[in-house]
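Below are some notes on aromatic contacts and strand pairing, for your review.

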Amino acid sequence: MHPEIEVKLTASVAGCASYDLMAQLSREVNELDAADVLIRKVVDCRGAASLADSTHQALEVDVRVRIGEGARACLNLSSVTVEKMASISASLNFDPELIGDDGADGLELKEESAPSTRPELVVVLVGDSPVSGEEVILSRVERQQCRTGDIQGGVHEALQRGLEKVEGEAKLWALQVGVRLSSQRGVWPGFNLSCDVIRLMASGGVSLDFDPYV
């Protein structure tokens, strides 16, 4: 039986296609917090991180999930996990594997028949006001069409706009960046976040909620 979720910590040299596998963990069942827990465990492989640092290799956390039976390719990361990735300057790669027609997010999306005027990508930075306790949308970024790299660009833009509004008090807001996809033509629910974006998230104590097609 193939595991539903697999998390790897890899190290590579810029411009080189090959990589070294530093740590790898998996679970047969992909529960809501599985990625969050597994990422923290592979990042805590201190020896691997030290080796990559001493050899000037770039670290990447690679999350692969097997999606079937109508499930969505969700990824939820706590601010603690984001900070752990930032501490070793790791990037993030989320790579869903769709199994059969029931698991194809693109087919599920067509059934929803989203209006063509609806943006394919929406990224929001939200937080709880330390004064009122109410949830506040600090920034919102939309793309009418979602292309390769747009999720990373949208997250970066939303962070920059929103963090400016809570400068110096970001960690009092319990910030979260949310990513939503919607498209009649189907949008691949995978993405990359560079180590710079991860560090920016960590600087504000920002968690991640990626839940496409809702």
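1. Two strands are taken as paired if DSSP finds at least two bridges between them. In this predicted model, S8 and S10 pair in the parallel sense, with four bridges. Within that pairing, Val177 has Leu208 of S10 as its bridge partner.

2. S8 (residues 176-181) also pairs with S6 (residues 121-128), here in the antiparallel sense and over six bridges. Leu121 is the residue opposite Leu181 in S8.

3. Three aromatic pairs turn up when the whole structure is searched. In one of them, Phe94 and Phe210, the ring centres are 5.8 Å apart and the planes meet at 75°; planes over 60 degrees apart count as edge-to-face, so this pair is classed that way. Phe94 belongs to strand S5 (residues 90-98) and Phe210 to strand S10 (residues 207-210), so the contact ties together parts separated by 116 residues in sequence.

4. Phe94 and Phe210 are both buried. Phe191 and Phe210 form a further aromatic pair, which is tilted, at 4.7 Å centre to centre with 55° between the planes. This pair also links distant parts of the chain, with Phe191 in strand S9 (residues 191-193) and Phe210 in strand S10, 19 residues apart.

5. Which residues do the ring pairs link into a cluster? They are Phe94, Phe191 and Phe210. On burial, the relative accessible area of Phe210 is 0%. Phe191 has 6% relative accessibility and therefore counts as buried, the cut-off being under 20%.

Technical notes:
Residues are numbered from 1 along each chain as its sequence is written. This is a predicted model: local features need pLDDT of at least 70, side-chain atom pairs count only at pLDDT 80 or more; totals for chains, interfaces and linings use all residues. Side-chain values use heavy atoms; hydrogens and water are left out. Rings of Phe, Tyr and Trp (its six-membered ring) pair if their centres lie within 6.5 Å; planes under 30 degrees apart count as stacked, over 60 as edge-to-face and the rest as tilted. Helices (H or I, at least four residues) and strands (E, at least two) are DSSP runs, numbered from the N terminus. Buried means under 20% relative accessible area, exposed over 50%, partly exposed in between (1.4 Å probe, protein chains only).
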